[in-house]
Amino acid sequence: MFRTQRSLYVRKLWRQRCTTPSRGQGEGAPPSPEDLLNGLRPAAHQLFMKLKDEQLWRLAEVVESKGRWDCGCVCIPWEARSGKTAALLPQVLLCKLYRWPDLRSTAELKRLFHCAEYCRRSDESTALCCNPYHVSRLAAPEPAVSLPYKAREPARPVLSFSSSIIHQETSCCNVRGVHDTTLSRGSHRDGHWCKLAYWEHRTRVGRLYNVTDPSIHIFHHLPKGSGFCLGFLGCEARSGAVRRTRKKIGQGLVLSREQDEVWVYNRSDHPVFINSPTLSARGQPVHKLLPGYSIKVYDSVQAAGLSGYSALGDGPCDTHSVRISFAKGWGACYSRQFITSCPCWLEILLSTPK
């Protein structure tokens, strides 16, 4: 009976591989026939048969949920020290099957903050998490361009986190400009590392939120999820464009503070568009981040040398803020020249050390 049930799970896992129409370089592109014939199918079945019953059932749950909720780690024995070499590493194999068929190696992947393997050294671990939704794909920004940097080495801020996720603060207000001085960012001593402001065009909706945990989910709708839910934020006068864009936010994004860097992971089914000092320094005033990808949006050392330059005609760039628009881009390549023309966008105000 159990053997029959295992066979059913194995067949189900194979049927649920990527078969949806391609969306460019994002998730969902179908595997090529060559991949299926030359290695994916035999390697996949060999891996499935090696998994214990509990691991196999968990992997089936992971694949069925498509990352909409966290099913935990799917661990297999880690053989890095055994001297064995595999044609295709298990985590790469599963990511090729269920997320990115064009993936080549682990160098293109970034482990997500909530995975148990994130803080564990691989050479000390006896098991490896192969949950394809515990990793993201790295987005590579354009090559760096020459910008004036300060000669001194800025201090790297050290941040301590508390257990609460977010605290409400201040009442809502209307923006008077792109850089609104009413949005005080605070400092590390206040107990948070950033504040979040959600905007619809030129109007801020809801309150300003303090973030103290190292990572936070920002979403419109996320089953079994917790974090900053934009779907709960009401507005009396909401245009059709805003309502349509809000529906596209879906699972939204994950914002994480990792030492002196800030990363964004796009969990939604639509791209997000990001402006930050770090990306602007690499030649991209606005970066398009595809679904399933992660990118470093802030580096404190790099940002410390960028004071005094302008971006997108908005005047002096705030080197401690990141702006993210959901589904709609802005700038020279779009009909919307400024982010205040975007229906739904997020402002991240990073705390400064004092």
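# Briefing on a predicted structure

In helix H5, which spans residues 240-249, the buried residues are Val242, Thr245, Arg246 and Ile249. Viewed along the axis of H5, these buried residues fall within an arc of 105 degrees, so they line one face of the helix. The model described here is predicted.

- An α-helix has 3.6 residues a turn, so residues three or four places apart point the same way.
- Arg244 and Lys247 are exposed on the other side of H5.
- The cover over the buried residues of H5 includes strand S6, strand S9 (215-219) and strand S16.
- Gly250 follows H5 and has a positive phi, near 55 degrees.

- The model holds three cavities of 30 Å³ or more.
- The largest cavity contains about 80 Å³ of space.
- Two elements give two or more residues to the lining of this largest cavity: strand S11 (253-258) and strand S12 (261-266).
- Lining residues of the largest cavity include Lys110, Leu112, Phe113 and His114. Also among them are Val254, Ser256, Glu258, Trp263, Val264, Tyr265 and Ser294.

**Asn266, in strand S12**

- Asn266 lies in strand S12, and the residue is buried, with a relative accessible area of 0%.
- The side chains of Asn266 and Ser268 are joined by a polar contact of 2.8 Å.
- A polar atom of the Asn266 side chain also lies 3.0 Å from the backbone oxygen of His270.
- Not counting residues up to four places away in sequence, Asn266 touches Gly252, Leu253, Pro271, Val272, Leu289, Leu290, Pro291, Gly292 and Tyr293.

**Asp299, in strand S15**

- Asp299 belongs to strand S15, which covers residues 293-299.
- Asp299 counts as buried because its relative accessibility is 13%, and buried means under 20%.
- The side chain of Asp299 reaches the backbone nitrogen of Val301 at a distance of 3.0 Å.
- With neighbours within four places in sequence left aside, Asp299 is in contact with Asp260, Glu261 and Thr278.

- Ala127 is found in strand S3, residues 127-129, and is buried, with a relative accessible area of 19%.
- Ala127 and Cys75 are 52 residues apart in sequence, while their C-alpha atoms are 5.6 Å apart in space.
- Met49 is part of helix H2, residues 33-50, and counts as exposed at 53% relative accessibility.
- Met49 and Val10 are 39 residues apart in sequence, and their C-alpha atoms are 7.8 Å apart.
- Leaving aside neighbours within four places in sequence, Met49 is in contact with Arg6 and Val10.

- Most residues other than glycine have a negative phi.
- The phi of His201, a residue other than glycine, is positive, near 55 degrees.
- His201 sits in the loop between strand S6 (194-200) and strand S7 (203-204), and counts as partly exposed at 27% relative accessibility.
- Ala327, which is not a glycine, has a positive phi of about 70 degrees.
- Ala327 lies in the loop between strand S16 (321-326) and strand S17 (345-350), and counts as buried at 18% relative accessibility.

Conventions: Residues are numbered from 1 along each chain as its sequence is written. Side-chain values use heavy atoms; hydrogens and water are left out. Helices (H or I, at least four residues) and strands (E, at least two) are DSSP runs, numbered from the N terminus. Buried means under 20% relative accessible area, exposed over 50%, partly exposed in between (1.4 Å probe, protein chains only). The arc is that of the directions from the helix axis to the C-beta atoms. Contact means heavy atoms within 4.5 Å. On a 1 Å grid over the protein atoms alone, a cavity is a set of points where a 1.4 Å probe fits but cannot get out, and a pocket is an open set with protein on both sides within 12 Å along at least five of seven lines; lining residues have an atom within 4 Å of a point. Grid points are joined across faces, edges and corners, and a volume is the space filled by probe spheres set on the points. A polar contact is a pair of N or O atoms within 3.5 Å; within protein, one must be able to donate a hydrogen and the other to accept it, and residues adjacent in sequence count only if both atoms are side-chain atoms.
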